[in-house]
Amino acid sequence: MKIAAPAGGTWIKQWRRWAPVAVLVGLCILIGLFNSNFFGLSNLIRMLNTASIPLVICMGATFIILMGSIDLSAEGVIAICAVAASMLVANDFTGVAIGPLSVPAAIVIGGLIGLLNGYIHVKFRIPSFMTTLGMGFAGIGVATAILGGVMVRISDNEFRNYLSLGRFLDIPAAVYIAAIAVGVAWVIQERTRIGRWLYAIGTDEATARNAGIPVDRTRILIFGIAGTFYGLAGALSAAQIGRGHALISQDRLFAAITAVVVGGTALSGGVGSVLNSVIGVFIVIVLTNGMILMGIEPYVQKGVQGLLIIAAVALALDRSRLDVVK
Amino acid sequence: MAEMLTKNQTRRTVLKGAAGAAALGAVGLPFPMPAIAQETTWTLANSLRSVANPYHATFAKGGEDFAKSIGAKYEVLVTEGNSEKGIADIKALLQRSGGKLILNVDPNDSPDARVIVEEVKKAGGFVVTQWNKPADLHPWDFDPNYIAHMSFDGVPTAEAIANELFKAFGGEGGIVALGGILSNVPAIERKLGLDNAIAKTNGKVELLDFQPADWNEQKAFEITQAWLTRFGDKVKGVFAANDGMGMGALEALRQNGLAGKVPVVGIDGIDAAVAAIEAGEFAGTVAWDPLWTGGMGLAIPYAHATGKIDITKEGHEHREFYGTGIIVTKESVADFKSNPSKIDFNDLWGKATGQIQYRG
């Protein structure tokens, strides 16, 4: 895991590095003590399945946050891509049925919207917060306008099987796809120039610019890459519930940003990793699953979630580098 | 072809509504709809949360159908869950129509109803409210402008659909239940109805767990997955306070090979739920008939405005009333689909089922 800690890390730095993992392990042990079913194979598979779509979304969101920006368009982009994917396979709304090609189509649509996000943000110098917020609303608006309030019902069972329902070694297809997405994100982060530039921009954009990094181009490209992950998440969402509609991604955005931050990626940029976000997603999923297994009152659940977010960030974030905390 | 046309027209309406909301939302101006034929000087409008959900899209369509039948101007105002915007749009439309407005509104939140009613009365228009209003706000206190309030009684409805669920698994065993946002009146009523149904089984049906999924399909999916771990095959049925959450639960069951084996019930009567009933995966749903509420919420005030009735002389059961929820099950689904709701705009209270009760 890459946490941009200065060299010669003291034990506290080492601890910070592993804090999210410690939180996850601690949670698992705690829940397992209350309900031994938690560690059952079927529950682990269920949690993996629940985590698959958030994982894909978080891969995109992490890149943006590492860059020190924020992307609030995820829900809108996912909605458009889910609606597009469901309209491209056999369905009850359009006569089109291009089967498996609908997946790359959704990814391309997501990528294009992401590039547009990046272009507007960079070229017109509009903060990413506003650009992506607007794009997110526009996305849901377009998805609503296309459908006029109805839902697209998918009748292509192959599509649903290969993307979500089908199982290999008892593990649902969505989990494998999410694993591949994590792998791709990791390679982009670790093995490409874009990945290195990402950290440089997130840490100090002015220095990165002076060092000759094409900051603007990288920013636009990263927004595009994030969009492709949302596009994939859209196709997965449509396959998971067998329908496409404008509200398919409701509440996904906040959960994704929570997972990224709980995993130890700093909102200030430059610190964190896609692997941190994997841990973050599992912390959120294990907690939701665990609180139901433990029979915690619904009223209390949200409070516990809120406290955990603050605690996890307090444990994981290295604040010694921050001059001011805003 | 006829069906295509309606679909297209709805989509056009929605497009304009969405564009209007997006472009002009900030200034609080509603987007004007083209008049189909102007035979009346009254402007008709339905105000609702969002055309992204099937219930409100059909509600808007009901209003359009009535407006078309009398050749009136018709507009759809969308709050997008924002009370301020909802009220600002209504004020602007009152101004533009010079008070000659007939409004059928599903207030975003209960307190909004009072403000809306007062504004309409001041301008001299007529208003019908749906679902949400404070318990102490009554149409007869704002004669003649506040025509009526329409709602559906969640308690007996939820009780009836819960009984359908119990029947589907043999009347004995454990169930789990998904609720709506805890503070919403329909969520509270539907939970109460479920509790009543369970109490009447004398312990034969046990509520294993109740979780609010906030009307959200995805949350329902995750919660149901966790329930399967916690309770395993003790779960004999799933009660969902609306169809959206029911669909989320159904997909979680499907992931575990239990779709069709563990019955689910929902409320609202969305297409997907009706299809799931046909497939034997849902044990039932309740259809609200938003086409009727969308149209009648305009037809009743129009009848008063044109002198066909005098609303101030009608009894309370015609001013605050429940509509009819239709229980759809495996047995009745074919009939439900082949006989889509026919609406006679002259039969003003034909589908009303009693005066609204206030539970303390």
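This is a predicted model: local features need pLDDT of at least 70, side-chain atom pairs count only at pLDDT 80 or more; totals for chains, interfaces and linings use all residues.
**Stop 1: chain A as a whole**

The chain contains 13 helices and four strands. Its C-alpha trace extends over about 60 × 55 × 35 Å along the principal axes. The radius of gyration of chain A is 20 Å, which agrees with the value near 20 Å that a compact globule of 326 residues would have.

Next, colour chain A by burial. Of its 326 residues, 55% are buried. Contacts in chain A may also be viewed by sequence separation: among those with a separation of 6 or more, 79% join residues 24 or more positions apart.

**Stop 2: the side of chain A that touches chain B**

Now show both chains and select the residues at which they meet. How many residues of chain A are in contact with chain B? There are 33, and they meet 33 residues of chain B. To find them, highlight four helices of chain A, namely α2 (41-66), α5 (128-147), α10 (215-241) and α12 (274-293); these are the elements that each give two or more residues to this side. Helix α2(A) supplies the largest share, with five residues.

Colouring this side of chain A by residue class shows 17 polar, twelve nonpolar and four charged residues.

**Stop 3: chain B as a whole**

Chain B has 360 residues, of which 52% count as buried. For contacts in chain B with a separation of 6 or more, residues 24 or more positions apart account for 74%.

**Stop 4: A220(B)**

Apart from neighbours within four places in sequence, A220(B) is in contact with L178(B), A213(B), A240(B), M245(B), G248(B) and A249(B).

A220(B) and K85(B) are 135 residues apart along the chain, and their C-alpha atoms are separated by 30 Å.

Note on methods. Residues are numbered from 1 along each chain as its sequence is written. Chains are lettered from A and ligands numbered from 1 in the order in which they are written. Two residues are in contact if their C-beta atoms, placed from the backbone, lie within 7 Å. Ala, Val, Leu, Ile, Met, Phe, Trp, Tyr, Cys and Pro count as nonpolar, Asp, Glu, Lys and Arg as charged, and the others, Gly among them, as polar. The radius of gyration is taken over C-alpha atoms; the globule rule is 2.2 Å times the number of residues to the power 0.38. A residue is buried if 20 or more other C-beta atoms lie within 10 Å of its own, exposed if 12 or fewer, and partly exposed in between; C-beta atoms are placed from the backbone.
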